Amino acid sequence: MNTQNPPVHVKLWHRSFWLLAISSLLLTMSVYALIPVLPQWLMLTENFTPQETGLLMGAFTLGLYFFGAPCSWLVQHYRRNVVCMWAIVAVVLALGWLWYVDSQHSEFVERDVILLERLALGAAFGLAQMVLSSTLIIDTCESFQRTEANHSASWFARFALSLGPLAGIVIYMLAGFHAVVLATMGMAVASLLCIKMVTFPFRSPEEGIHVVSLDRFFLPHGFVLYVNLLLVGIVVGLLLSMPHESVFYGLMMGGFLLALLAQRFVFRDAELKSEVVSGLILMLAALLILLAEPASPVPPVLVGLSVGIIASRFQLFFVKLSRHCQRGTSQNTYFLGWETGLSGGIGLGYALFFGQPTTLLYTALALTAVALLMYHLFTHAWFVRNKNR
């Protein structure tokens, strides 16, 4: 698998695949819609400090790992689609918890209540996405289509990075935070219904599966890729912790669409190293423009283009790095690296750089430079030596 991108198979895009891809989009949107509005609610309505807000936003990161170790045991001992649906139900309940807290207008909520909600939301979302991306999506396609299936479905979740916050901001402006939480609950329920409409083949459970294992959780020999991706995710998280209007996320969506075109036409026969290097250079350009001209419409487009190019390439690198029967594990490692960086960066942005956009952008520049040097000087050569596909 030395080509830049997986081949396109029209037969992959059948009804079941569409439903699962849309389910991933809606589920991710239900979480990402809170990115721009939840911190505002925490600070303005509940009177939390920026440091406390950063802690609460970052707590989501820890929750992502809660069901990672028993994930393989769960999908082997219970029907995998049922595990995913119950995890989405837990997402709805966690969001409902936030809705209930907001409905108590007369009292300020304790920090630990929101902390538990964020941990629960991270745990439920992490399990649902790990089962959905590593198991359910590839269950509905032929073996030769699995790389393309993972690659294509991940784009739907990637689109949620712009569509989710965009929806959150618009609903917040029109109807307030209460309506945003209700909308996110509706998105999660719609995601659940999409999975419910798909028929999955029965698979006999494997014997000797340990309750706690790294299977479908983390790929130890992908740690270098994980760290490099983590750095990129932190940079994006830092950027999203800054206040943005809805147009920022709309322009980011334009960048994602440009990234799709670039992959098909610009990088189709390019040198393997070029995609990530180009993406990181674009990120550096976006940050420099933000420093010089914060109101420019160019940076969000460049951010979307950069994230689309880098994230999709790293995802394929994780697949290439995996050994036999480790595809699901590689996809979950990619998911954890990206989400950890993103939510961790958002938390750090509020806790350390709230009200200091210049310092935040210089920090993001430094981290992007580190990610670029790490990839150029070490990660790529290491990957070429260690890939298995």
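**Backbone, fold and rings**

Guide: Arg216 is placed in the loop that joins helix H8 (177-196) to helix H9 (223-240). Helices here are DSSP runs of H or I with at least four residues, strands are runs of E with at least two, and both are numbered from the N terminus.

Visitor: Before we continue, what kind of model is this, and how are residues numbered?

Guide: This is a predicted model, in which local features need pLDDT of at least 70, side-chain atom pairs count only at pLDDT 80 or more, and totals for chains, interfaces and linings use all residues. Residues are numbered from 1 along each chain as its sequence is written, and side-chain values use heavy atoms, with hydrogens and water left out.

Visitor: Back to Arg216, then: what is its phi?

Guide: The phi of Arg216 is near 60°, a positive value in a residue other than glycine. Most residues other than glycine have a negative phi.

Visitor: Is Arg216 buried or exposed?

Guide: Arg216 counts as buried, because its relative accessibility is 14%. Buried means under 20% relative accessible area, exposed means over 50%, and partly exposed lies in between (1.4 Å probe, protein chains only).

Visitor: What about Asn47, and where is it?

Guide: Asn47, which is not a glycine, also has a positive phi, of about 60°. Asn47 sits in the loop between helix H2 (38-45) and helix H3 (50-64).

Visitor: Let us change topic. How many helices and strands are there?

Guide: The protein chain has 14 helices and zero strands. Its radius of gyration is 20 Å, close to the 21 Å that the globule rule gives for 389 residues, so the chain is as compact as a globular protein of that length. That radius is taken over C-alpha atoms, and the rule is 2.2 Å times the number of residues to the power 0.38.

Visitor: What are the spans along the principal axes?

Guide: The C-alpha trace spans about 55 × 45 × 35 Å.

Visitor: And how much of the chain is buried?

Guide: Of the 389 residues in the protein chain, 60% are buried. Among contacts with a separation of 6 or more, 89% join residues 24 or more positions apart, where contact means heavy atoms within 4.5 Å.

Visitor: Now the rings: how many aromatic pairs does the structure hold?

Guide: It holds 22 aromatic pairs. In one of them, the ring centres of Trp13 and Phe17 are 5.0 Å apart and the planes stand at 85°, so this pair is edge-to-face. Rings of Phe, Tyr and Trp (its six-membered ring) pair if their centres lie within 6.5 Å; planes under 30 degrees apart count as stacked, over 60 as edge-to-face and the rest as tilted.

Visitor: Which residues do ring pairs link into a cluster?

Guide: The cluster consists of Trp13, Phe17, Trp18, Trp155, Phe156, Phe159 and Phe256.
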